[in-house]
Amino acid sequence: MESRLPKPSALKRPMPPIKPILPTDRIKANSSILNATTGASNQTLPPLTRNLQNLPQALARRGARAASPEPSKPLPSIPNRSKLRRSRSASDVSEMRLNLKRAGAPTLSTIPTKFTRKAAPTAPAPGPVAASAAARVPRSGSVPPKRPVTAASSSSSSSLTGTAARGVRAAAQAISKGKPVVGAATGAGAGGATKHIAKYDFKARFHDLLEKHKALRAKMDKQMEEMGELEGLPMQLEETQNKLIEIETALKNTVTDKECLQRQVKQHTSKIETITSSLGRTKDELNQLKTTHQQIKSEHEALSTEVLELRDRNEDLIRNNEQLAADLAICREQLFQSNMDRKDLHNTVMDLRGNIRVFCRVRPPLDVEENRMVCSWTYHDEATVELQSIDGLAKNKIGQQVFTFDQVFHPNSNQTDIFEMVAPLIQSALDGYNICIFAYGQTGSGKTYTMDGVADNAGVIPRTVDLLFDSIKNYRNLGWEYELTATFLEIYNEVLYDLLSNEQKEMEIRMLKDSVKNDIYVTNITKETVHDPDHLRQLMHTAKMNRATASTVGNERSSRSHAVTKLELIGWHEEKKEKCVGSINLVDLAGSESPKTSTRMTETKNINRSLSELTNVILALLQKQDHIPYRNSKLTHLLMPSLGGNSKTLMFINVSPFQDCFQESVKSLRFAASVNSCKMAKAKRNRFLNNSSTGNNSSCEKY
Ligand SMILES: Nc1ncnc2c1ncn2[C@@H]1O[C@H](COP(=O)(O)OP(=O)(O)OP(=O)(O)O)[C@@H](O)[C@H]1O
């Protein structure tokens, strides 16, 4: 009895749709599939014996089967099919048993001999086993073979399943028809002990056959059950194949994902390498920075130690500094007092030398004057000079002339020698005295040279400027601050002119109100505050350019006016609240000229008159007259504060060495000698203390 169920391999089953899986989905899908197939379901798949390389061919075969014209039959579910298979096998067996019962097997009667002989040749032989069984049944009623051959012993278990069943069925049919079933029993006999049964012992032979039948039936049942189990394998195989396809798809996706991940891994590896190298460099930099930090730290520690030492030292220095500051204050006080004492002593010396001092300077003949006759000059000492005319008549008339002054400078004396003797007076101006330095003499005798000098050989005025600024700087260390102002004017034909301005303006000499010291000022004059020597030199140059000059017999560029340079010095000591006001009048007088040789009589008259008035004032001071005729000329009026009382005066008597200037030279020298003998009252210093004069000779005050 064969199963009519279609073979599992012949079933056309619908293929599950294969949807495209995105790389991002694959990982999830694969993991879920893998979980479903391995972990989640805990199913152990049968080992895959198929090579994955054969998957396309397998899929092609499946497609071919699906496309075959054989109609697909509905496939029951596997459990039901197994049940059906197994129930159908059981029913077959029960049917066989029923048939056997109907055939009256239990009540088998003795089989007639002829039945056996007749049945054998007519028995159909549906299969090879049955044929074999039939072959073992005696065909012609002859004696059966002594040793029956068992079909089961020579056939495989798989082939026996169908043939044994068919043999059993044939035997059962033969038995039911009363035919002998020895061949069948022999073919189905599986190892039973072969008894020697007598040929005539049909009963024994029947029982033997029954036993063999029972054994064969049991074996058949067992094999039928095994076959039923085996019939489920194709379905299981197909499911496994489907799962395998899914797994292969998943595997493909996994491979793709793996490649993608490998690329990502490569990229990440490359990034990691880059980051690693960068990390290496950063580590190197970090190490360098650590080294630098360590160095800086050590330096910082060293510096901290040094700072601590310096702090200690600083504290010591502060203490020392405080001590020194106290000492310095004492020293400053002592220095201030010493300086004041020095000033007093200095000015005492100046006073002892005389408030009016006369220096005589004889200029040398110039290269262009080598043909001019020179008088006989004899310098007995630094202060005495003897002049002798080389003209015998004049010699007899005037005689030998010996003059004594504070200082006599012979023609070889230079500008530096001159200024050495002038400098102490300049110092007195800083101490609060009024100073007047003027040059008196015949035209061409060297007055301008002495006062201004020439470009490469500066005279008294520029050297005074340099000395003043040097002294101001030194006085600043003693706490004194000075302000220096300058005015430049000329008196020409008894008219005042501002040498720092070209404007035509009225200039008058006025007395200061409430002044008891004969202080005067000039209206509309340009007064410049000077901060450095160069500024003052520039102003001097401007004044020189504006001064009136003309040609005379004695000088091609004769100064035909009196030039007065006035420097005012205002000093104050902040700490001591002291203020000193001094002034320096530097006067380059116009040259005296004989009216006989003058071509500009009015000019010469005015010059000579003003010089005469100057002589009168000085002589009045000498004779201590009550009335000093300061106002008789602009010159004396202007020099009034500097020509008496609170003043120190220095007069240069410049003389020419020539014989033709002998008369004028003697005249100037006589006037100078008379002035030198004039004893003025002691000069008073401009010192202000607490707005009240503290002494008769003080011209500095507290402010
Ligand atoms: N000591 C000297 N050494 C060299 N040259 C001198 C000296 N004194 C004057 N001179 C020169 O003599 C000339 C006349 O001098 P300076 O102009 O100074 O005379 P002055 O008295 O000012 O004349 P004036 O009154 O006419 O202006 C100038 O060329 C000057 O350089």
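Is His535 buried, partly exposed or exposed? In this predicted model, His535 is partly exposed, because its relative accessible area is 22% and the buried class requires a value under 20%. The tour begins at this residue.

**First stop: His535.** Select helix α14, which spans residues 533-546 and holds His535. Then display the surroundings of His535: apart from residues up to four places away in sequence, the side to inspect contains Glu528, Thr529 and Val530, which His535 touches.

**Second stop: the annotated binding site.** Select Gly441, Gln442, Thr443, Gly444, Ser445, Gly446, Lys447 and Thr448, which an unreviewed UniProt entry annotates as "binding site". Within this selection, centre the view on Gly444, a residue of the loop that runs between β6 (434-441) and α12 (447-451). Gly444 counts as buried because its relative accessible area is 17%, and the cut-off for that class is under 20%.

Proceed to Lys447, which is placed in helix α12. Lys447 is also buried, with a relative accessibility of 5%. With neighbours within four places in sequence set aside, show the contacts of Lys447: these are Ala439, Tyr440, Gly441 and Gln442, together with Asp588, Leu589, Ala590, Gly591 and Asn654.

Select helix α17, residues 662-676, and find Ser665 within it. Ser665 counts as buried, at 1% relative accessibility. Beyond the residues up to four places away in sequence, Ser665 touches Leu387, Gln442, Val655 and Ser656.

Two packed helices are described by the angle between their axes and the distance between the axes. Select residues 415-430 for α11 and residues 460-477 for α13; their axes come within 9 Å and cross at roughly 45°. α11 is therefore oblique to α13. The crossing of α11 past α13 is right-handed.

To view the contact itself, display side chains on both helices. From α11, select Gln415, Thr416, Ile418, Phe419, Val422, Ala423, Ile426, Gln427 and Leu430. These meet Val460, Arg463, Thr464, Leu467, Leu468, Ser471, Ile472 and Tyr475 of α13. Colouring this contact by class gives 11 nonpolar, 5 polar and 1 charged residues.

Methods. Residues are numbered from 1 along each chain as its sequence is written. This is a predicted model: local features need pLDDT of at least 70, side-chain atom pairs count only at pLDDT 80 or more; totals for chains, interfaces and linings use all residues. Side-chain values use heavy atoms; hydrogens and water are left out. UniProt positions are given in the numbering used here, feature names are shortened, and annotations may be inferred rather than shown by experiment. Helices (H or I, at least four residues) and strands (E, at least two) are DSSP runs, numbered from the N terminus. Buried means under 20% relative accessible area, exposed over 50%, partly exposed in between (1.4 Å probe, protein chains only). Contact means heavy atoms within 4.5 Å. Axes are lines fitted to C-alpha atoms, for helices over the stretch in contact, and angles run from 0 to 180 degrees between N-to-C directions. Angles under 35 degrees count as roughly parallel, over 145 as roughly antiparallel, 65 to 115 as roughly perpendicular and the rest as oblique. A crossing is left-handed if the near helix is turned anticlockwise from the far one by less than a right angle, and right-handed if clockwise. Ala, Val, Leu, Ile, Met, Phe, Trp, Tyr, Cys and Pro count as nonpolar, Asp, Glu, Lys and Arg as charged, and the others, Gly among them, as polar.
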